[in-house]
Amino acid sequence: MAAFDLMRVAGIRIVIDATWLFIFALVVLTLATGYFPGAAPDLPPALDWVLGVAAALLLFASVLVHELSHALVARRAGIAVPRIRLFLFGGVSEMASEP
């Protein structure tokens, strides 16, 4: 499966799996065409899309922060964490051994 390097945080490589892009698009589409028009019908349609993108980015940023916290706690316990992978179902801290 294709994956793209995003960045490094505290020496931990952050990788985005191609499936994450599908979920990102699905979240944006659902929010921009379903939720936001129903919740705030007076907003212009372009703003619905901006809010959809912003909400999806915040959702996935929270997944990244969650996984990063796992990784940093593992490193503090002496376990190597070479990579965090964001994928279809969220994310995973790829640890060198079990805690």
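Predicted model: local features only at pLDDT ≥ 70, side-chain atom pairs only at ≥ 80, totals over all residues.
View 1. When residues up to four places away in sequence are not counted, His70 touches Ser93 and Met95. Although His70 and Ser93 are 23 residues apart along the chain, their C-alpha atoms are separated by 6.8 Å.

View 2. Four strands, arranged in the order β1-β2-β3-β4, make up an open sheet with mixed pairing. The edges are taken by β1 (3-9) and β4 (90-94), each of which has a single partner strand, so that one side of each is left without a neighbour in the sheet. On average, and with direction ignored, neighbouring strands of this sheet are turned by 20 degrees against each other.

**View 3. Pairing of β1 with β2, and the helices packed on the sheet.** Strand β2 (residues 12-17) pairs with β1 in the antiparallel sense, and six bridges are found between the two; within this view, Phe4 stands opposite Ile16 in β2. Helix α1 packs on the sheet, where it touches β1, β2 and β3 (83-87), and the direction of α1 makes about 60 degrees with that of β2. Helix α2 (residues 45-76) also packs on the sheet, touching β1, β2, β3 and β4, and its direction makes about 15 degrees with that of β4.

**View 4. The hairpin of β3 and β4.** With two residues between them, β3 and β4 form a hairpin, and these antiparallel strands are joined by five bridges. Arg85 has Val92, in β4, as its bridge partner.

View 5. Phe22, Leu26, Leu29, Trp49, Leu88 and Phe89 together make a nonpolar surface patch of about 640 Å². The most is given to this patch by helix α1 (residues 18-39), which provides three residues.

Terms used. Residues numbered from 1 in each chain as written. Heavy atoms only, no water. Patch = residues over 30% accessible without salt bridge, like charges linked within 9 Å, V, L, I, M, F, W, Y side chains within 5 Å. Areas by Shrake-Rupley, 256 points an atom, 1.4 Å probe, with all protein chains shown as cover. Salt bridge = Lys/Arg side-chain N within 4 Å of Asp/Glu carboxyl O. Pairing = 2+ DSSP bridges. Axes fitted to C-alpha atoms, helices over the stretch in contact; angles between N-to-C directions. Contact = heavy atoms within 4.5 Å.
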